[in-house]
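My notes follow in the order I took them.

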Amino acid sequence: MANRLAHTTSPYLLQHADNPVDWWPWSPEAFEEARRRDVPVLLSVGYASCHWCHVMAHESFDDETLAARLNEHFVPVKVDREERPDVDAVYMEAVQAATGQGGWPMTVFLTADGEPFYFGTYFPPEARHGMPSFRQVLDGVSAAWTDRREEVAEVAGHIVADLAGRSLAHGGQGVPDESDLARALAGLTRDHDDARGGFGGAPKFPPSMVIEFLLRHHARTGSEEALRMAVSSCAAMARGGIYDQLGGGFARYAVDAEWTVPHFEKMLYDNALLCRVYAHLWRSTGSDLARRVALETADFLVRELRTAEGGFASALDADSEDAEGRHVEGAFYVWTPAQLREVLGEEDGAFAAARFGVTEAGTFEEGSSVLRLDAGEGTDSGSGDTGDGAAGEDAERIASVRARLLAARELRPRPGRDDKVVAAWNGLAVAALAETGAYFDRPDLVERATEAADLLVRVHLGENGRLARTSMEGRAGENSGVLEDYADVAEGFLALASVTGEGVWLEFAGLLLDVVLTRFAGEGGQLYDTADDAEKLIRRPQDPTDNATPSGWTAAAGALLSYAAHTGSEAHRTAAEGALGVVKALGPRAPRFVGWGLAAAEALLDGPREVAVAGPVGGELHRTALLGRAPGAVVAAGEPGGGEFPLLVDRALVGGEPTAYVCRHFVCETPTTDARELGRRLGG
């Protein structure tokens, strides 16, 4: 018999609708039930493509005996962290403060007032590796609740007080300056893995936001060290198993320092961010590798994540069925030498095994290997090769091998897809596809970006300018958008406005950013992750550091800065500068975790430049403006006399020719009709 989750729209919650656990969705009614029964709440947080969430569900939540114990002594509440990032953030902060680590599934025991008193992540069905079994945890918590209630209340009170007392260093000294960004670069240089690319050790996550900073810093200062780290990291990821060498797109992270074995789930946000990173790397270097990866990742987004309504689904699972019908991680993606020979024949099978690092011993599990390119291949920075280290007949052979392997892989059982459309992540995809389409003359990608933006306006954006966090099948979910939704959707709309010359996207961005100013802003440049009229939790979440995506705080700062450059709005510029104070505080000390803020700071130091192209959208001057490398430059294009963009007001043609105007810091250069001169002015 289905539980209460059967009435929800979240794919993750629906995965648990047939558990014998009597799950409640997050709601006031669940906590009232806990108060009425005088039992704790068991809060379990995860997401649809989370491998260990599936494992714990199978091992524990599908167990009839364990479920009966859970139902008797607790009110179990299940939360999709992608639908309720505010709930996830508040309790993850508590878990990390108490245990020094966090992750999903997240397991937290709460009082009926939502106060946490015991924490964990995955608990096994039997005690192992120093971890208690889930049954032992349930029994221990239940006994403490019954026999030591005062102690439980004291612990919960201390935790809530500790969370409430945490304050952020906002960098009241002002905005980041040259020395702050230089110190951030020095810190990244220390953390950079010169041998294998990326930063730090295993596990390795794609450093998308940091690479955006490095590319902007190189463009503004000419720093070869910044460019070297960006090129090294991008080349290593593109060669590694974290990148799908057949179908394009990136997995969530690599479990090793060499980028060989990924955690196989593919997330929309990673691929949107990385698509844009590789497009920007191509813009900086002309690298064929960067061009290939940007386009393959864009094509992956459209082919595998686009929904029927024109938006983009959240993720593909790590798990799928293998040849024996077992549901295992990576089954869709890995190969043995025998499987290569079966598809390609002996000669091409041996060639593919050597090319993609497939060995008899295997690089993954049970003798299987993750496809990757040999070290040293695909590292070009504009040398004109194919981008995967091959030329001529070899390139044709590789293309043939890849096509045949991809066709064979399509016959395998596919990983599940989380069809939930998340506003913030779709905003990131809009920006990536719009720019990639413009750079590489792919109008179809710009069309896909526009369709996703249309969906965000039609379905997610209410008449009052407020955003819904998610939608499914064209129907908005009940959860309110958080700061990252407003910031990333505004970022996508601003990129789309620059590419298409359609000023309506600038207007929509302004509508969203006005909500940021009125509902999310605090004192001294602070921003909060939830609106001032959102559901009250034990703490109002507020985090300026990047995680898998740019923090809402710094993403909003970047979008506010761009909007101010487009419109001349002093209020938006002042808010952006105030928000970037936190980057002054954190950038020199923790640059790996505030990359997007550092990138926005680069734009602030550069101006950002305001580029008005009086002339045809898609013309030579417009394209040159879009390809300019000046950090955070905003571009407005259209025929003179039109009312699409404030930057085009009173911008006339010179000598009847399309004309570009470049301004920054309240100073404008001489108008130019020469595309080459415009490129020089914008660092092209």
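Predicted model: local features only at pLDDT ≥ 70, side-chain atom pairs only at ≥ 80, totals over all residues.

Entry: I began with Glu366, which forms a salt bridge with Arg326. I read 3.1 Å between the closest N and O atoms. Glu366 is exposed, at 68% relative accessibility. Arg326 is partly exposed, at 36%.

Entry: Next I took Lys420, which forms a salt bridge with Asp80. The closest N and O atoms are 3.2 Å apart. Lys420 lies in the loop between strand 12 (417–418) and strand 13 (421–422), and Asp80 lies in strand 3 (residues 75–80), so the pair ties together parts 340 residues apart in sequence. Are these two residues buried or exposed? Lys420 has a relative accessible area of 0% and is buried, because the cut-off for buried is under 20%. Asp80 has 2% and is buried too. Asp80, Glu82, Asp418 and Lys420 are linked in a network of salt bridges. For the whole model I noted a count of 61 salt bridges.

**Entry: helix 16.** I checked the length of helix 16 (residues 423–439). Its 17 residues should span 24 Å at 1.5 Å a residue. The end C-alpha atoms are 24 Å apart, which agrees. I then asked how many of its residues are buried. The tally is 17 of the 17, so helix 16 is largely enclosed by the rest of the structure. Just after helix 16, Asp441 takes a positive phi of about 55°.

Entry: The side chain of Glu451 meets that of Arg306 in a salt bridge, 2.4 Å from N to O. Glu451 is partly exposed, with a relative accessible area of 27%. Arg306 is also partly exposed, at 27%.

Asp454 counts as partly exposed, at 32% relative accessibility. What does Asp454 gather into with Glu502, Glu507 and Glu644? I found a patch of negative charge on the surface.

Key. Residues numbered from 1 in each chain as written. Heavy atoms only, no water. Patch = residues over 30% accessible without salt bridge, like charges linked within 9 Å, V, L, I, M, F, W, Y side chains within 5 Å. Areas by Shrake-Rupley, 256 points an atom, 1.4 Å probe, with all protein chains shown as cover. Salt bridge = Lys/Arg side-chain N within 4 Å of Asp/Glu carboxyl O. Lys, Arg positive; Asp, Glu negative; His and termini not counted. Charge placed at Lys NZ, Arg CZ, Asp CG, Glu CD. Buried < 20%, exposed > 50% of the residue type's maximum accessible area, 1.4 Å probe, protein only. Helix = DSSP H or I, 4+ residues; strand = E, 2+ residues; numbered from the N terminus. Expected span 1.5 Å × (residues − 1).
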